[in-house]
Amino acid sequence: MHAKKDNKKLRESFEQAANIYQQARPDYPEPLFDDVIHVTNLQPGDRLLEVGCATGKATLPLANRGFTMTCIELGAELAKIARQNLVGMDVTVINESFEGWQPEAESRFDLVFAATAWRWVDPQVKYNKAWQILRPGGHLAFWNADHVFPDDGDPFFREIQTVYYEIGEGELVDNNDWPRPGELLEQRDEIERSGLFEMVHVRHFDWERMYRADEYITLLETFSGHILMEEWKRHKLFNEIKVRLESRPEKSVRRHWGAVLHVARRKDR
């Protein structure tokens with residue numbers, strides 16, 4: 001989290017990247033979706049609610065498996081693109097914050113889930129609201145796509161840190177403790193502290209992608225801290241990235257992604 005920029009601005013910043021988000025952000029591993037379905041025993045036709053669908057990166061793979069889905073998306077442009085990406089699917093996209101959205105009284109869902117969005121929802125609201133809209137025995141699932149650093153990972157990310165410090169954006173890399181695959185923070189305690197859910201499953205996933213310089217810069221343009229960066233800083237950083245990657249024989253960078261899938265079952269009160 002960028003210490004100098006408030007959470008609301010960061011959360012709303014993704015709207016500015018709506019037109020590049022679907023192409024730039026990585027696809028989640030298929031085994032992750034298989035895991036969600038297996039652990040929660042979902043059946044085709046079951047009702048899913050997605051919190052913060054963005055352009056539908058996680059929505060499409062689940063919609064393709066035959067679920068009826070409602071997606072809540074804060075950004076109007078993101079919601080519009082999600083609808084275009086999900087044409088013909090049994091999916092309704094609602095342009096609203098999860099906190100402000102009011103479901104129909106009789107509405108109950110089999111699964112509430114969030115892909116790289118749960119962290120942005122008000123912690124005072126999210127577990128309570130998820131509990132309220134789930135059927136008895138329903139499940140909550142969430143995960144983030146985060147950067148992980150295997151021991152044999154690309155040295156580029158440590159090398160480029162110097163540029164972040166030069167432009168006064170060191171906190172964008174400073175708060176990273178360089179987690180290896182399998183070492184990302186688990187949120188069991190947060191879930192159990194809510195008193196509303198019991199943990200049933202936690203699993204780490206990791207995968208990698210190669211990016212050419214222009215692809216990597218486009219990816220960075222979908223990250224809130226980079227979206228809100230002053231123009232001169234972004235220009236200097238992106239130019240430096242381009243120069244360094246273009247000078248490599250392979251002209252690309254290898255980035256490792258990690259996700260921790262959390263699945264919890266709704267408790268009866």
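# Salt bridges, cores and rings in a predicted model

A search of the whole structure, a predicted model, finds 22 salt bridges.

User: Which residue forms a salt bridge with Asp 34, and which parts does the pair tie together?
Analyst: The closest N and O atoms of the pair are 2.9 Å apart. Asp 34 lies in helix 3 (residues 30-40), and its partner is in the loop between helix 4 (59-63) and strand 2 (68-73), so the bridge ties together parts that are 31 residues apart in sequence. The partner in that loop is Arg 65.

User: Are Asp 34 and Arg 65 buried, partly exposed or exposed?
Analyst: Buried means under 20% relative accessible area, and exposed means over 50%. Asp 34 has 41%. Arg 65 has 25%. Asp 34 counts as partly exposed, and Arg 65 is also partly exposed.

User: How many residues apart are Asp 146 and Arg 119?
Analyst: Their side chains meet in a salt bridge, 2.9 Å from N to O. Asp 146 is in strand 6 (residues 146-148), while Arg 119 is in the loop between strand 4 (109-115) and helix 6 (126-133). The pair links distant parts of the chain, at a separation of 27 residues.

User: Which residues do salt bridges with shared partners join into one network?
Analyst: Asp 34 and Arg 65 form a salt bridge. Both belong to the network, which is made up of Glu 30, Asp 34 and Arg 65.

User: Why does Ala 54 count as buried?
Analyst: Ala 54 lies in the loop between strand 1 and helix 4. Its phi is near 50°, a positive value in a residue other than glycine. Buried means under 20% relative accessible area. Ala 54 counts as buried because its relative accessibility is 9%.

User: Where is Asn 41 found, and what is its relative accessible area?
Analyst: Asn 41 is found in the loop between helix 3 and strand 1 (47-51). Its phi is positive, near 55°. Asn 41 is exposed, with a relative accessible area of 54%.

User: Which residues touch the most other members of the largest nonpolar core?
Analyst: This core has 53 residues.

User: What is the geometry of the Trp 118 and Tyr 127 pair?
Analyst: The structure holds 16 aromatic pairs. In this one the ring centres are 5.5 Å apart and the planes stand at 80°. Planes over 60 degrees apart count as edge-to-face. The pair is therefore edge-to-face.

User: Which charged residue sits over the ring of Trp 178?
Analyst: Trp 178 belongs to one aromatic cluster with Phe 149, Phe 156, Phe 157, Tyr 211 and Tyr 216. Phe 149 and Trp 178 are both buried. The charged end over the ring of Trp 178 is 4.0 Å from its centre, and the residue is Arg 158.

How values were computed: Residues are numbered from 1 along each chain as its sequence is written. This is a predicted model: local features need pLDDT of at least 70, side-chain atom pairs count only at pLDDT 80 or more; totals for chains, interfaces and linings use all residues. Side-chain values use heavy atoms; hydrogens and water are left out. A salt bridge is a side-chain nitrogen of Lys or Arg within 4 Å of a carboxyl oxygen of Asp or Glu. Helices (H or I, at least four residues) and strands (E, at least two) are DSSP runs, numbered from the N terminus. Buried means under 20% relative accessible area, exposed over 50%, partly exposed in between (1.4 Å probe, protein chains only). A nonpolar core is a set of buried Ala, Val, Leu, Ile, Met, Phe, Trp, Tyr and Cys residues joined through side-chain atoms within 4.5 Å. Rings of Phe, Tyr and Trp (its six-membered ring) pair if their centres lie within 6.5 Å; planes under 30 degrees apart count as stacked, over 60 as edge-to-face and the rest as tilted. A charge sits over a ring if NZ of Lys or CZ of Arg is within 6 Å of the ring centre and within 35 degrees of the ring normal.
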